[in-house]
Amino acid sequence: MEPVMENEEHFSWREVKLPSSIPEPDPEPELEPELEREKGDRRRGRDILIAIDHGPNSKHAFDWALIHLCRLADTIHLLHAVSSVNNQIVYEMSQGMMEKLAVEALEVAMIRSEARIVEGDAGKAICMEAERLKPAAVVMGTRGRSLIQSVLQGSVSEYCFHHCKSAPVIIVPGKEAGDASLI
């Protein structure tokens, strides 16, 4: 079990150890032949933060990011906010979900993944992680609420849209029940 960490804003978090089938990032990567032709930022890759939960709209946003945003040299950072990182059942369920997504990212788009589970308010945790990583983008899905429900109850995506200052926030609309998966 990994130790629980805390930062200056009192958010606890745990790194997720991804399966051994996913290669660790090489600190001194050798350029692969197809990457030698690419220039500038594309060769270096970008960090892309994807906020996930157990809902279908979150998976839809993940699929959208793989297809429309990620490039070969990028690294996606999966982030999941929970009520307690010390709850072993919640941690194991979240870890399993993140492992599946990391394997899918590697198989579908050849994208490296890192994962972190944070404790606390999802909106604030996502914005803090964006501030720490300085990603090229923050990608998240919607809860699927109506406009009136979102105004009355608020939403994580709306909070991040207004408070994440270090990266553009991409809010992927939820797919309708009859829509096929992007991947």
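Is the crossing of α3 and α4 right-handed or left-handed? I began my notes with this question, and in this predicted model I found that helices α3 and α4 cross in a right-handed sense.

**Entry on the helix pair.** I then looked up how the two helices lie: the axes of α3, residues 56-68, and α4, residues 88-109, come within 11 Å and cross at roughly 30 degrees. Because angles under 35 degrees count as roughly parallel, I noted α3 as roughly parallel to α4. On the α3 side I listed K59, F62, D63 and L66 as the residues making the contact, and on the α4 side L101, E104, A105 and A109. Sorted by class, this contact of α3 with α4 has 5 nonpolar and 3 charged residues, with no polar ones.

**Entry on the strands.** Next I turned to strand β4, which covers residues 75-82, and saw that 7 of its 8 residues are buried, so β4 is largely enclosed by the rest of the structure. Strand β3, residues 47-51, runs parallel to β4 and is joined to it by 5 bridges. For I50 I looked up the bridge partner in β4 and wrote down L78.

**Entry on S113.** Which strand holds S113? I found S113 in strand β5, which spans residues 112-119. With a relative accessibility of 8%, S113 counts as buried, because the cut-off for buried is under 20%. Setting aside neighbours within four places in sequence, I recorded L18, I76, A102 and A105 as the residues in contact with S113. One of these, A105, I had already written down for α4, in its contact with α3.

Definitions and conventions:
Residues are numbered from 1 along each chain as its sequence is written. This is a predicted model: local features need pLDDT of at least 70, side-chain atom pairs count only at pLDDT 80 or more; totals for chains, interfaces and linings use all residues. Side-chain values use heavy atoms; hydrogens and water are left out. Axes are lines fitted to C-alpha atoms, for helices over the stretch in contact, and angles run from 0 to 180 degrees between N-to-C directions. Helices (H or I, at least four residues) and strands (E, at least two) are DSSP runs, numbered from the N terminus. Angles under 35 degrees count as roughly parallel, over 145 as roughly antiparallel, 65 to 115 as roughly perpendicular and the rest as oblique. A crossing is left-handed if the near helix is turned anticlockwise from the far one by less than a right angle, and right-handed if clockwise. Contact means heavy atoms within 4.5 Å. Ala, Val, Leu, Ile, Met, Phe, Trp, Tyr, Cys and Pro count as nonpolar, Asp, Glu, Lys and Arg as charged, and the others, Gly among them, as polar. Buried means under 20% relative accessible area, exposed over 50%, partly exposed in between (1.4 Å probe, protein chains only). Two strands pair if DSSP finds at least two bridges between them.
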